[in-house]
Amino acid sequence: MKYIDEFRQQDLAQTLEAAIKREVDPARQYQLMEFCGGHTHAIFRYGIQDLMPGNISFVHGPGCPVCVLPSGRISDAIGITLKHDLILCTYGDLLRVPAGNRKTLQRVKAEGADVRMVYSTQDVLGIARENPDREVVFFAIGFETTTPPTAVAIKQAQAEGLKNFSVFCNHVLTPAAIQNILESPEVREIGTLCIDGFFGPSHVSSVIGSRPYEFFAEEYQKPVVIAGFEPLDMMQSALMLVRQINEGRHEVENEYTRVVSREGNSKAQGMVAEVMELRRTFEWRGLGEVPYSALKIKQSYAEFDAEKRFELGDTRTPDIPGCECPNILRGVKKPTDCKLFGTLCTPDNPIGSCMVSSEGACAAYWSYGRFRN
Amino acid sequence: MKQRFPQRLNIRDGLVEMGHGSGGRTMAQLINELFFKHLDNELLGQGNDQAAFDVVGGRMVMSTDGHVISPLFFPGGDIGSLSVHGTINDVAMSGAQPLSLAAGFILEEGFPLVDLERIVISMAEAASLAGVPVSTGDTKVVERGNGDGVFITTTGIGMVPPGINISGHLAQPGDAILISGTLGDHGVAIMSSRENLEFETRIMSDSAALHGLVSDMVRSVPAIHCLRDPTRGGLATTLNELASQSGVGMSIYEDSIPFNDEVVAACELLGLDPLYIANEGKLVCICPSGDAQRLLEVMRAHPLGRQAAEIGRVIDDPLGFVTMETRFGGSRMVDWLAGEQLPRIC
């Protein structure tokens with residue numbers, strides 16, 4: 001398939017494999033964090049670890065949108081769906097993430113709640129138009145990639161005068177999360193987590209550009225290479241990170257130039273800025289409260305804000321005892337370090353969020369990498 | 001037995017009504033003028049609640065399969081032909097020649113008779129083409145809202161030729177793993193026609209009866225160890241089932257698995273893995289490696305096996321893992337499907 005096969009060629013992979021092996025310093029370790037779940041997925045799906053020398057290891061980051069959503073937000077979504085008998089729409093794998101009481105959206109759907117999986121915000125608008133007598137709420141999650149379509153839907157709903165449509169906004173921001181990891185005691189003080197460099201997000205960066213990473217590359221002296229999601233992108237980016245580390249550089253480099261520019265997609269950014277604004281703080285599963293790390297709907301669009309329409313947003317549920325998702329999301333622990341991994345927590349019966357999405361580190365370990373151990 | 005009714009069944013404007021499941025004259029008319037008319041054969045025409053037929057001694061197999069599919073009509077088939085193919089294939093995967101089918105219909109009140117007739121005609125055509133008659137059946141009607149138009153359960157019986165012993169627990173380390181053609185066509189055809197997910201594709205369901213292909217295969221290589229059709233859950237699920245039944249591992253090569261480009265493209269777009277997508281006209285065959293080449297030639301000579309390929313080997317692994325050498329040069333695990341395959345968000 002054109003534009004896909006070119007980035008999955010084995011002979012080019014072998015060339016890059018040889019180059020990486022030639023250039024790594026055998027005397028040191030290279031710990032590279034891939035922030036995005038899409039990269040985690042690619043590493044396992046294509047078996048990229050097999051092509052790396054033994055002293056390069058991947059540290060899986062918190063960039064899986066369903067994994068970082070605190071369970072209280074899911075409890076809230078379930079709560080309003082049942083209380084107001086409304087239609088709740090959301091993206092695929094969120095349906096399986098357990099809330100605090102281990103209920104999932106899939107479970108309440110089986111019990112009779114009207115929960116619908118959608119592929120785009122346009123589907124939600126369609127459902128709202130077809131059901132004018134019912135409230136339709138879009139349970140919006142995701143990083144900067146999925147935020148512009150939510151903003152577009154809100155603007156469209158306003159233009160059409162759709163009164164029964166609202167958004168439960170849970171969009172979060174990548175740079176704030178990376179900075180939070182770099183500020184964590186494990187990295188700064190205790191030194192239990194050593195990160196030598198970052199694979200920068202691909203789709204997210206197509207929206208926000210490469211510039212937002214420049215601050216912390218400089219401030220924390222860590223190299224960042226924006227990498228595409230195809231396996232050759234990751235190989236090339238690994239080589240670029242190794243070179244930066246060897247040369248003591250800490251710059252933002254862009255491997256994914258066919259999509260990402262320094263400034264990003266200004267039209268999408270403008271759309272989001274018109275409809276949404278920063279939250280002072282937001283709870284992330286694994287990272288806790290992270291200042292200025294998420295977006296909420298602006299007062300001028302308040303009529304489409306489900307948090308205001310249904311008085312939402314304060315449920316806090318504690319993490320599940322024994323579940324290491326918080327540490328796994330920060331890269332401090334590996335899935336196999338968790339006592340629940342593969343015993344009580346499996347993809348068929350996920351307890352922690354990292355086991356739910358195929359982008360989650362635990363699910364990827366289980367589905368693609370278990371045979372290595 | 002032809003019953004006469006005062007007025008003909010109005011198929012063009014008629015709907016399934018509760019009376020069509022009442023056991024009375026209305027039901028008799030539906031059965032006579034719709035089911036018997038199209039599925040016509042000697043046994044069915046006798047009008048009994050069962051079909052009786054003579055068999056010669058030997059090993060008999062029986063299989064049953066409930067068919068629930070949305071949408072009922074899809075590119076390359078419909079629930080009618082699917083219900084014939086699905087059960088014929090389940091019978092044939094033992095190496096058997098299917099003899100006869102029974103069909104149970106659960107109809108939802110309000111379902112248009114014109115659509116029901118389309119489905120029954122399609123069943124009749126599939127059964128006739130396969131040479132496997134629908135010899136007995138049953139009809140029930142549920143109230144509107146308690147069904148999804150039409151559910152069809154078919155049961156099939158067949159006879160295994162002497163000297164054939166095929167079962168999911170017989171795979172052995174060193175065996176070759178063969179596949180009869182491209183994967184994922186049925187699942188993608190269904191997805192492309194679902195209401196909330198319309199996209200344009202020329203992909204048609206591969207729904208087909210495989211007993212002719214199987215017959216050629218067992219005649220040429222009676223020592224086949226396992227046959228299975230990779231339906232729901234796709235190739236990945238089928239290989240995991242066989243690995244766990246036989247207590248072996250499997251190693252497959254991504255490069256050798258045949259796919260239609262459009263299936264790969266649709267899966268890329270939707271964030272799905274084609275190894276987990278359903279097929280309705282393909283089979284997986286596990287045989288001694290020395291027989292693989294001869295079997296591939298026989299398969300490729302049959303219209304339903306033209307793109308047959310060897311895709312891997314059975315290996316010794318008490319944990320029963322299925323692993324794949326990726327086209328990229330790495331390796332990964334190919335696990336069971338967990339829950340249903342949901343698209344990734346990012």
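1. In helix H1 of chain B, the buried residues are Leu30(B), Ile31(B), Leu34(B), Phe35(B) and Leu39(B). The model is a predicted one. An α-helix has 3.6 residues a turn, so residues three or four places apart point the same way.

2. What do these buried residues pack against? Their partners, in chain B as well, are helix H2 (42–45), helix H4 (113–130) and strand E5 (134–142).

3. H1(B) covers residues 25–39, 15 residues in all. From first C-alpha to last it reaches 20 Å, close to the 21 Å expected at 1.5 Å a residue.

4. Chain A contains an open sheet of 5 strands with parallel pairing, ordered E2-E1-E7-E8-E9. Strand E2 (56–63) and strand E9 (252–254) stand at the edges; each has a single partner strand, so one side of each is left without a neighbour in the sheet. On average, neighbouring strands are turned by 25° against each other, direction ignored.

5. Within this sheet, strand E7 (residues 197–200) and strand E8 (residues 224–226) of chain A pair in the parallel sense over 3 bridges. Phe199(A) stands opposite Val225(A), a residue in E8(A).

6. Which helix lies across the strands of chain A named above? Helix H11 (residues 231–247) of chain A lies across strand E1 (30–36), E2, E7, E8 and E9. H11 runs at about 150° to E7(A).

How values were computed. Residues numbered from 1 in each chain as written. Chains lettered and ligands numbered in written order. Predicted model: local features only at pLDDT ≥ 70, side-chain atom pairs only at ≥ 80, totals over all residues. Helix = DSSP H or I, 4+ residues; strand = E, 2+ residues; numbered from the N terminus. Expected span 1.5 Å × (residues − 1). Buried ≥ 20, exposed ≤ 12 C-beta atoms within 10 Å, placed from the backbone. Contact = placed C-beta atoms within 7 Å. Pairing = 2+ DSSP bridges. Axes fitted to C-alpha atoms, helices over the stretch in contact; angles between N-to-C directions.
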